[in-house]
Amino acid sequence: MVKNMKSIGAAVRDPGSTRRNKTGSWRTFKPVADKEKCIGCGICYLYCPDGCITLEYDPDYDYCKGCGICAEECPVKAITMERE
Amino acid sequence: MKGVDEKEYLAPGHRACAGCGATIAARLALKALGENTIAVSATGCLEVITTPYPETAWEIPWIHVAFENASAVASGVEGALKAQGKEDTNIVVFGGDGGTTDIGMQSLSGAMERGQNIIYICYDNEAYMNTGIQRSSSTPYGASTTTSPAGKESFGEDKFKKNMAAIMVAHGVPYVATACISHPQDLMAKVKKAAETPGPAYIHVLQPCATGWGYSPDKTVKLGKLAVDTHMWLLYEAVNGQIEVTVKPSQKLPVEEYLKAQKRFRHLDEEHIEIIQKFVDGQSKQFGLTE
């Protein structure tokens, strides 16, 4: 039955395919992390709207749009925003 | 991170504005729900930014439907899964405030009244942001939007925000909660509770919007914290109608601190700020946060 089913609407069969679109090109300021100061609290990871802070707390510049939430929210000011 | 699902269910590369609060809400909710989840999106920001055809940011099965029928489609998904004996799958609906409090209200009311086993998450940015910041019934008093513009003849939106959580409690929904993206652990705990609740669940998430509210994108979380700390937005859950506040701010800030941080409220004079303060004071009293 499923074999004969006609597709209606627009089906996208490629989960997570927005990864093709590198939104890092939007950025004018980039977050730079000072690993000496980092206490590993994970706040930047949780708040990132683009889910592009790794579990080692490094920003992924391929996708980071430079919103600056991580730098603003870091409780020990370990992240600074630097002009690209 | 301890206790947090490390998998990403919302891939990067999506087209949300820098500092978007809706994607924070969706990303955290999906981490709480996990892989065994099917999502339904009403039309709105989240749908548009995550699925620019032929791409999708979703890593789980996802279906987009109109503003009006997201809850009806989720009810259908529930029935189809039931017929297949897959009753342990989470079914979650994401609707914006327009898609929830205005246009999708009827099908949402129907799904809740029928007791469908679905989780409805409203990501509330307090106006129709995707189409150009038109007011919705979730727009707060005094806010300037393109259809409630502040000017010589008007001070902005002249009605108070619709109390959607109370409407859901009135439906007899067993689990209703409010949340805010500035409090991620509280938000994720509530989404988990909603998933564990047999029958329907409703979570209303406030998420600041840099574009529509008028503030710098790095302040999205700060604005959420201010909303909670001024009591403009109260964080609570209602289990079988029993209301319990989950986050009690250590000190109550004046609403002006929240209002003056946003362009949409900057025209407000003392008289209107006082009206908002009075409204908020009544609310905090009602919820037992102040004497």
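Q: What makes chain A and chain B count as touching, and how many residues of chain B are in contact with chain A?
A: Two residues are in contact if their C-beta atoms, placed from the backbone, lie within 7 Å. By that rule, 31 residues of chain B are in contact with 31 residues of chain A. This is a predicted model, where local features need pLDDT of at least 70 and side-chain atom pairs pLDDT 80 or more, while totals for chains, interfaces and linings use all residues. Residues are numbered from 1 along each chain as its sequence is written, with chains lettered from A and ligands numbered from 1 in the order written.

Q: Which elements give two or more residues to the side of chain B that touches chain A?
A: Those are α1 (21-33) and α9 (220-229) of chain B, and α1(B) gives the most, with 4 residues. Helices here are DSSP runs (H or I, at least four residues).

Q: How do you know that α3(B) and α5(B) cross, and at what angle?
A: Lines are fitted to C-alpha atoms over the stretch in contact, with angles from 0 to 180 degrees between N-to-C directions. For α3 (residues 70-83) and α5 (residues 105-114) of chain B, these axes come within 7 Å and cross at roughly 35°. Among the residues making the contact are A70(B) of α3(B) and R114(B) of α5(B).

Q: Why is the largest nonpolar core called a core, and which residues touch the most other members?
A: A core is a set of buried Ala, Val, Leu, Ile, Met, Phe, Trp, Tyr and Cys residues joined through C-beta atoms within 7 Å, buried meaning 20 or more other C-beta atoms within 10 Å. Of its 106 residues, C44(A), A29(B), I121(B) and V205(B) touch the most other members. α1(B) gives the most to this core, with 9 residues.

How values were computed:
Buried ≥ 20, exposed ≤ 12 C-beta atoms within 10 Å, placed from the backbone.
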